[in-house]
Amino acid sequence: TCVQTNLTAVPPDGTKIAFASLLRSGLSSIFTMNPDGSGLTRLTGGVEFDYTPSWSPDGTHIAFSSGLSIFSQHIAVIDADGTHKTVLTKGLSIDSAPSWSPDGNLILFASTRTGFGDIYVMSTTGTDITRLTHDNDADSTPAWSRSGDRISYTRYRQGNADVYLMDADGSNVSRLTTGSGFDGEASWK
């Protein structure tokens, strides 16, 4: 039974919604449903914490964060029907917030593997992992522009969060918001 939902994702054709749900057991799973709320289907389950789903551009796969603890998460991919789970990242870090490139060839994600939070990019097979941000702040929730040439993300520093922008290779970093409080989790139109 679902008691709380968060972090929804809609595939390009708009036919299904993927979301994470906190279950009564205290674990979380990935579900899909139709836009009218019907057709609820649980895709993941068991003893793992699964959250932050992201549809592949062709709607055939879902990337998400998965792990036995909220303090040790990895990026995994499943087929849209919940089969064929593949874990792409490994280690003792928190890897989260996957985002597919518009061409479906790369996945962005946030990771604490360097001790802070940074943004990384990798192939859809989990190879060629490249660190894009190099600072002492916590960077998270990356999102590709529709053209695939820019990336927005959230940077937490000194009790504040702002939206930042960079080129797809990690260069030309710029701060977009400057207010106090929390600005983040940007989404491109």
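**Note on the strands, core and ring pairs of a predicted model**

1. In the hairpin formed by strand 13 and strand 14, five residues lie between the strands, and G148 there has a positive phi near 80°. Strands are DSSP runs of E of at least two residues, helices are runs of H or I of at least four, and both are numbered from the N terminus. Two strands count as paired if DSSP finds at least two bridges between them. Strand 13 and strand 14 run antiparallel and are joined by five bridges. A143 has S152 in strand 14 as its bridge partner.

2. A word on the basis of this note. The model is predicted, so local features need a pLDDT of at least 70 and side-chain atom pairs count only at pLDDT 80 or more, while totals for chains, interfaces and linings use all residues. Residues are numbered from 1 along each chain as its sequence is written, and side-chain values use heavy atoms, with hydrogens and water left out.

3. How confident is the predictor? The average pLDDT of the chain is 89, and 93% of the residues score at least 70; pLDDT is the predictor's confidence in each residue, from 0 to 100. Residues 1-7 have a pLDDT below 50, and this stretch has 25 contacts in the model beyond near neighbours in sequence. Contact means heavy atoms within 4.5 Å.

4. S152 is opposite L165 in strand 15, and T154 is opposite V163 in strand 15. The hairpin of strand 14 and strand 15 has two residues between the strands, and Q158 takes a positive phi near 50°.

5. A second open sheet also has four strands, in the order 9-10-11-12, again with antiparallel pairing. Its edges are strand 9 (95-100) and strand 12 (130-131), and each of these pairs on one side only. Strand 11 and strand 12 are paired antiparallel over two bridges, with Y120 opposite R131 in strand 12.

6. Which residues make up the largest nonpolar core? The ten are L108, A110, I119, V121, L132, W144, I151, Y153, Y164 and M166. A nonpolar core is a set of buried Ala, Val, Leu, Ile, Met, Phe, Trp, Tyr and Cys residues joined through side-chain atoms within 4.5 Å. Buried means under 20% relative accessible area, exposed means over 50%, and partly exposed lies in between (1.4 Å probe, protein chains only). Strand 10 (106-111), strand 11 (118-123), strand 14 (150-157) and strand 15 (160-167) each give two or more residues to this core.

7. W144 is one of the core residues. Leaving aside neighbours within four places in sequence, its contacts include L108, V121 and I151, as well as W100, P102 and W188. S145 lies in the loop between strand 13 (138-144) and strand 14. Is S145 buried or exposed? S145 has a relative accessible area of 3%, so it is buried. With neighbours within four places again set aside, S145 is in contact with P102, R150 and W188.

8. Strand 2 (residues 17-23) has seven residues, six of them buried, so this strand is largely enclosed by the rest of the structure. Strand 2 pairs with strand 3 (residues 28-33) in the antiparallel sense over six bridges. Their hairpin has four residues between the strands, and G26 takes a positive phi near 95°.

9. S28 is in strand 3 and is the bridge partner of L22. Its relative accessibility is 9%, so S28 counts as buried. Apart from residues up to four places away in sequence, S28 touches several residues, among them S21, L23, E48 and F49. A polar atom of the S28 side chain lies 2.9 Å from the backbone oxygen of D50.

10. Rings of Phe, Tyr and Trp (its six-membered ring) pair if their centres lie within 6.5 Å; planes under 30 degrees apart count as stacked, over 60 as edge-to-face and the rest as tilted. By this rule there are four aromatic pairs. In one of them, F19 and F31 have ring centres 5.7 Å apart and planes at 15°, so the pair is stacked. F19 in strand 2 and F31 in strand 3 are twelve residues apart, and the pair links distant parts of the chain. F19 and F31 are both buried.

Note on methods:
A polar contact is a pair of N or O atoms within 3.5 Å; within protein, one must be able to donate a hydrogen and the other to accept it, and residues adjacent in sequence count only if both atoms are side-chain atoms.
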